Amino acid sequence: MKDNPVLYNYFRSSTSVRVRIALNLKNINYEYIALHLRKKEHQSDEYLKINPYGLLPTLKFPSGIILNQSLAILEYLDEVYPTPSILPLNPIDRAKVRSMAYAIALEIHPLNNLHVLNHLKDDFMADEVKIKSWFSKWVHKAFSPFEKILENDKEGGYYCFGDTPTLADICLFSQVVNNVRFDVDLSKYPNINSIYERCLTNDAFIKALPKNQPDAE
Ligand SMILES: N[C@@H](CCC(=O)N[C@@H](CS)C(=O)NCC(=O)O)C(=O)O
(Lines give C-alpha, C1' and ligand atoms only; values in the text may rest on other atoms or scores of the structure.)
Protein backbone atom coordinates (compact mmCIF):
# COMPACT_ATOMS: atom_id res chain seq x y z
CA MET A 1 0.00 0.00 0.00
CA LYS A 2 2.81 2.40 0.87
CA ASP A 3 4.22 2.09 -2.67
CA ASN A 4 0.92 2.99 -4.27
CA PRO A 5 -0.11 6.47 -5.36
CA VAL A 6 -2.82 8.17 -3.34
CA LEU A 7 -5.88 9.55 -5.11
CA TYR A 8 -7.68 12.41 -3.37
CA ASN A 9 -11.12 12.32 -4.88
CA TYR A 10 -14.88 12.13 -4.38
CA PHE A 11 -17.20 9.41 -5.61
CA ARG A 12 -19.41 11.75 -7.64
CA SER A 13 -16.75 14.01 -9.11
CA SER A 14 -16.53 13.42 -12.86
CA THR A 15 -12.90 14.54 -13.02
CA SER A 16 -12.20 11.92 -10.35
CA VAL A 17 -14.05 9.32 -12.44
CA ARG A 18 -11.66 10.12 -15.31
CA VAL A 19 -8.56 9.43 -13.23
CA ARG A 20 -10.04 6.30 -11.64
CA ILE A 21 -10.76 4.86 -15.11
CA ALA A 22 -7.17 5.47 -16.27
CA LEU A 23 -5.71 3.94 -13.10
CA ASN A 24 -7.98 0.91 -13.55
CA LEU A 25 -7.22 0.53 -17.26
CA LYS A 26 -3.52 0.55 -16.48
CA ASN A 27 -3.92 -1.77 -13.52
CA ILE A 28 -2.33 0.68 -11.09
CA ASN A 29 -3.30 0.05 -7.48
CA TYR A 30 -3.96 3.21 -5.53
CA GLU A 31 -5.07 4.38 -2.12
CA TYR A 32 -8.47 6.06 -2.15
CA ILE A 33 -8.85 9.17 -0.02
CA ALA A 34 -12.33 10.65 -0.11
CA LEU A 35 -12.90 14.36 0.34
CA HIS A 36 -16.54 15.35 0.61
CA LEU A 37 -17.27 18.24 -1.76
CA ARG A 38 -20.53 19.37 -0.16
CA LYS A 39 -18.86 19.36 3.25
CA LYS A 40 -16.10 21.50 1.66
CA GLU A 41 -13.37 19.10 2.69
CA HIS A 42 -11.52 20.10 -0.50
CA GLN A 43 -11.08 23.58 0.94
CA SER A 44 -9.26 22.52 4.11
CA ASP A 45 -5.82 24.05 4.77
CA GLU A 46 -4.34 20.58 4.63
CA TYR A 47 -5.71 19.82 1.15
CA LEU A 48 -4.87 23.28 -0.19
CA LYS A 49 -1.23 22.48 0.56
CA ILE A 50 -1.31 19.72 -2.05
CA ASN A 51 -3.79 21.35 -4.41
CA PRO A 52 -3.78 25.14 -4.09
CA TYR A 53 -6.76 25.34 -6.50
CA GLY A 54 -8.91 23.46 -4.00
CA LEU A 55 -10.24 21.12 -6.69
CA LEU A 56 -10.38 17.36 -7.02
CA PRO A 57 -8.71 15.13 -8.02
CA THR A 58 -5.08 15.12 -6.91
CA LEU A 59 -2.76 12.17 -7.38
CA LYS A 60 0.18 11.92 -5.00
CA PHE A 61 3.03 9.47 -5.60
CA PRO A 62 5.24 7.90 -2.91
CA SER A 63 8.17 9.79 -4.50
CA GLY A 64 6.47 13.00 -3.38
CA ILE A 65 5.31 14.00 -6.88
CA ILE A 66 1.92 15.66 -6.64
CA LEU A 67 -0.24 16.12 -9.73
CA ASN A 68 -3.51 17.91 -10.18
CA GLN A 69 -5.65 18.71 -13.25
CA SER A 70 -7.19 15.45 -14.43
CA LEU A 71 -6.04 15.75 -18.07
CA ALA A 72 -2.44 16.34 -17.00
CA ILE A 73 -2.71 13.32 -14.69
CA LEU A 74 -4.12 11.15 -17.50
CA GLU A 75 -1.37 12.12 -19.92
CA TYR A 76 1.32 11.61 -17.29
CA LEU A 77 -0.04 8.15 -16.50
CA ASP A 78 -0.06 7.32 -20.19
CA GLU A 79 3.58 8.38 -20.57
CA VAL A 80 4.82 6.52 -17.50
CA TYR A 81 2.55 3.46 -17.79
CA PRO A 82 2.17 3.22 -21.57
CA THR A 83 0.29 -0.10 -21.68
CA PRO A 84 -2.52 -0.09 -22.56
CA SER A 85 -2.24 3.31 -24.16
CA ILE A 86 -5.10 5.79 -23.98
CA LEU A 87 -3.76 7.83 -26.89
CA PRO A 88 -3.08 6.56 -30.41
CA LEU A 89 0.49 6.53 -31.74
CA ASN A 90 0.11 8.75 -34.78
CA PRO A 91 0.32 12.50 -33.96
CA ILE A 92 -2.75 13.35 -36.08
CA ASP A 93 -4.80 10.65 -34.39
CA ARG A 94 -3.58 11.80 -30.99
CA ALA A 95 -4.72 15.33 -31.84
CA LYS A 96 -8.14 14.01 -32.91
CA VAL A 97 -8.58 12.15 -29.63
CA ARG A 98 -7.42 15.15 -27.60
CA SER A 99 -9.79 17.36 -29.53
CA MET A 100 -12.75 15.14 -28.52
CA ALA A 101 -11.59 14.95 -24.92
CA TYR A 102 -11.14 18.74 -24.72
CA ALA A 103 -14.63 19.32 -26.16
CA ILE A 104 -15.94 17.73 -22.97
CA ALA A 105 -13.29 18.73 -20.47
CA LEU A 106 -12.88 22.36 -21.57
CA GLU A 107 -16.24 23.30 -23.08
CA ILE A 108 -18.70 21.58 -20.73
CA HIS A 109 -17.13 20.76 -17.41
CA PRO A 110 -15.88 24.23 -16.34
CA LEU A 111 -19.38 25.69 -16.83
CA ASN A 112 -21.07 22.90 -14.88
CA ASN A 113 -18.67 22.65 -11.98
CA LEU A 114 -20.02 22.66 -8.43
CA HIS A 115 -18.71 26.15 -7.61
CA VAL A 116 -20.36 27.57 -10.75
CA LEU A 117 -23.70 25.94 -9.87
CA ASN A 118 -23.40 27.17 -6.28
CA HIS A 119 -22.73 30.69 -7.54
CA LEU A 120 -25.88 30.55 -9.68
CA LYS A 121 -27.88 29.33 -6.70
CA ASP A 122 -26.46 31.62 -4.02
CA ASP A 123 -25.86 34.87 -5.95
CA PHE A 124 -28.37 34.65 -8.83
CA MET A 125 -31.19 32.88 -6.94
CA ALA A 126 -31.39 30.07 -9.51
CA ASP A 127 -33.68 27.25 -8.37
CA GLU A 128 -33.21 23.55 -9.14
CA VAL A 129 -35.10 23.79 -12.46
CA LYS A 130 -32.91 26.66 -13.65
CA ILE A 131 -29.73 24.92 -12.51
CA LYS A 132 -30.68 21.79 -14.45
CA SER A 133 -31.51 23.89 -17.51
CA TRP A 134 -28.10 25.64 -17.27
CA PHE A 135 -26.36 22.30 -16.91
CA SER A 136 -28.19 20.80 -19.92
CA LYS A 137 -27.54 23.83 -22.11
CA TRP A 138 -23.75 23.41 -22.01
CA VAL A 139 -23.98 19.66 -22.41
CA HIS A 140 -26.10 19.95 -25.57
CA LYS A 141 -23.91 22.71 -27.01
CA ALA A 142 -20.97 20.32 -27.08
CA PHE A 143 -22.77 16.97 -27.39
CA SER A 144 -24.63 17.93 -30.62
CA PRO A 145 -21.43 18.50 -32.66
CA PHE A 146 -19.74 15.60 -30.84
CA GLU A 147 -22.56 13.30 -31.97
CA LYS A 148 -22.25 14.60 -35.58
CA ILE A 149 -18.51 13.94 -35.58
CA LEU A 150 -19.14 10.36 -34.44
CA GLU A 151 -21.91 9.98 -37.02
CA ASN A 152 -19.65 11.16 -39.87
CA ASP A 153 -16.77 8.96 -38.81
CA LYS A 154 -17.28 6.20 -41.32
CA GLU A 155 -14.40 4.13 -39.96
CA GLY A 156 -15.80 4.39 -36.43
CA GLY A 157 -15.04 1.58 -34.02
CA TYR A 158 -16.65 0.60 -30.75
CA TYR A 159 -15.21 3.61 -28.94
CA CYS A 160 -14.74 7.30 -29.86
CA PHE A 161 -11.62 6.42 -31.80
CA GLY A 162 -11.09 2.81 -32.82
CA ASP A 163 -11.80 -0.29 -30.78
CA THR A 164 -9.98 0.50 -27.54
CA PRO A 165 -10.74 3.18 -24.97
CA THR A 166 -8.90 6.50 -25.22
CA LEU A 167 -8.79 9.82 -23.41
CA ALA A 168 -11.91 10.78 -25.39
CA ASP A 169 -13.98 7.88 -24.01
CA ILE A 170 -12.72 8.54 -20.51
CA CYS A 171 -13.94 12.15 -20.66
CA LEU A 172 -17.17 11.31 -22.51
CA PHE A 173 -18.14 8.50 -20.14
CA SER A 174 -17.48 10.61 -17.03
CA GLN A 175 -19.59 13.43 -18.45
CA VAL A 176 -22.50 11.09 -19.28
CA VAL A 177 -22.40 9.75 -15.72
CA ASN A 178 -22.77 13.33 -14.50
CA ASN A 179 -25.51 14.15 -17.03
CA VAL A 180 -27.74 11.40 -15.70
CA ARG A 181 -27.69 13.02 -12.26
CA PHE A 182 -28.90 16.32 -13.76
CA ASP A 183 -31.65 14.66 -15.87
CA VAL A 184 -30.10 15.70 -19.19
CA ASP A 185 -32.10 14.19 -22.06
CA LEU A 186 -29.59 12.16 -24.05
CA SER A 187 -32.08 10.53 -26.44
CA LYS A 188 -30.77 12.56 -29.42
CA TYR A 189 -27.32 11.01 -29.18
CA PRO A 190 -27.37 7.37 -30.38
CA ASN A 191 -23.63 7.23 -31.09
CA ILE A 192 -22.70 8.74 -27.74
CA ASN A 193 -25.11 6.35 -26.02
CA SER A 194 -23.63 3.33 -27.74
CA ILE A 195 -20.10 4.34 -26.69
CA TYR A 196 -21.36 4.82 -23.13
CA GLU A 197 -22.95 1.35 -23.23
CA ARG A 198 -19.74 -0.12 -24.61
CA CYS A 199 -17.77 1.47 -21.74
CA LEU A 200 -20.23 -0.09 -19.34
CA THR A 201 -19.01 -3.51 -20.48
CA ASN A 202 -15.43 -2.64 -19.50
CA ASP A 203 -14.37 -3.40 -15.91
CA ALA A 204 -12.09 -0.36 -15.70
CA PHE A 205 -15.09 1.90 -16.33
CA ILE A 206 -17.46 -0.08 -14.13
CA LYS A 207 -15.03 0.01 -11.19
CA ALA A 208 -14.71 3.80 -11.58
CA LEU A 209 -18.46 4.49 -11.35
CA PRO A 210 -19.56 6.68 -8.43
CA LYS A 211 -21.79 3.94 -6.99
CA ASN A 212 -18.80 1.58 -6.72
CA GLN A 213 -16.66 3.87 -4.54
CA PRO A 214 -16.15 3.50 -0.79
CA ASP A 215 -17.64 6.97 -0.08
CA ALA A 216 -20.74 6.42 -2.28
CA GLU A 217 -23.95 7.60 -0.63
N1 LIG B 1 -9.93 21.17 -14.65
C2 LIG B 1 -9.92 20.47 -13.40
C3 LIG B 1 -11.28 20.62 -12.77
C4 LIG B 1 -11.32 19.96 -11.42
C5 LIG B 1 -12.68 20.19 -10.78
O6 LIG B 1 -13.34 21.19 -11.05
N7 LIG B 1 -13.11 19.25 -9.93
C8 LIG B 1 -14.38 19.41 -9.30
C9 LIG B 1 -15.02 18.06 -9.06
S10 LIG B 1 -15.52 17.30 -10.58
C11 LIG B 1 -14.20 20.10 -7.98
O12 LIG B 1 -13.27 19.82 -7.26
N13 LIG B 1 -15.12 20.99 -7.64
C14 LIG B 1 -15.09 21.66 -6.40
C15 LIG B 1 -15.82 22.94 -6.42
O16 LIG B 1 -16.41 23.28 -7.44
O17 LIG B 1 -15.85 23.60 -5.38
C18 LIG B 1 -9.55 18.99 -13.61
O19 LIG B 1 -9.81 18.49 -14.70
O20 LIG B 1 -8.99 18.35 -12.71
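Reader: Which domains does the shell around the ligand draw on?
Author: Domain 1 (7-84) and domain 2 (91-205) each give at least three residues to the shell. Those bounds come from an automatic or database domain assignment. This is a predicted model: local features need pLDDT of at least 70, side-chain atom pairs count only at pLDDT 80 or more, and totals for chains, interfaces and linings use all residues. Residues are numbered from 1 along each chain as its sequence is written.

Reader: How many residues surround the ligand?
Author: 13 do, and S13, L55, S70, L114 and H115 are the closest. Near here means a C-beta atom, placed from the backbone, within 6 Å of the molecule.

Reader: New topic. What is buried in α4?
Author: V97, M100, A101, A103, I104 and A105 are. Buried means 20 or more other C-beta atoms, placed from the backbone, within 10 Å of the residue's own.

Reader: And what covers them?
Author: The cover includes α3, α6 (128-152) and α7 (167-181). Contact means C-beta atoms, placed from the backbone, within 7 Å.

Reader: What does I192 touch?
Author: Leaving out residues up to four places away in sequence, I192 touches F143, F146, E147, L150, L172, V176 and L186.

Key:
A residue is buried if 20 or more other C-beta atoms lie within 10 Å of its own, exposed if 12 or fewer, and partly exposed in between; C-beta atoms are placed from the backbone. Helices (H or I, at least four residues) and strands (E, at least two) are DSSP runs, numbered from the N terminus. Two residues are in contact if their C-beta atoms, placed from the backbone, lie within 7 Å.
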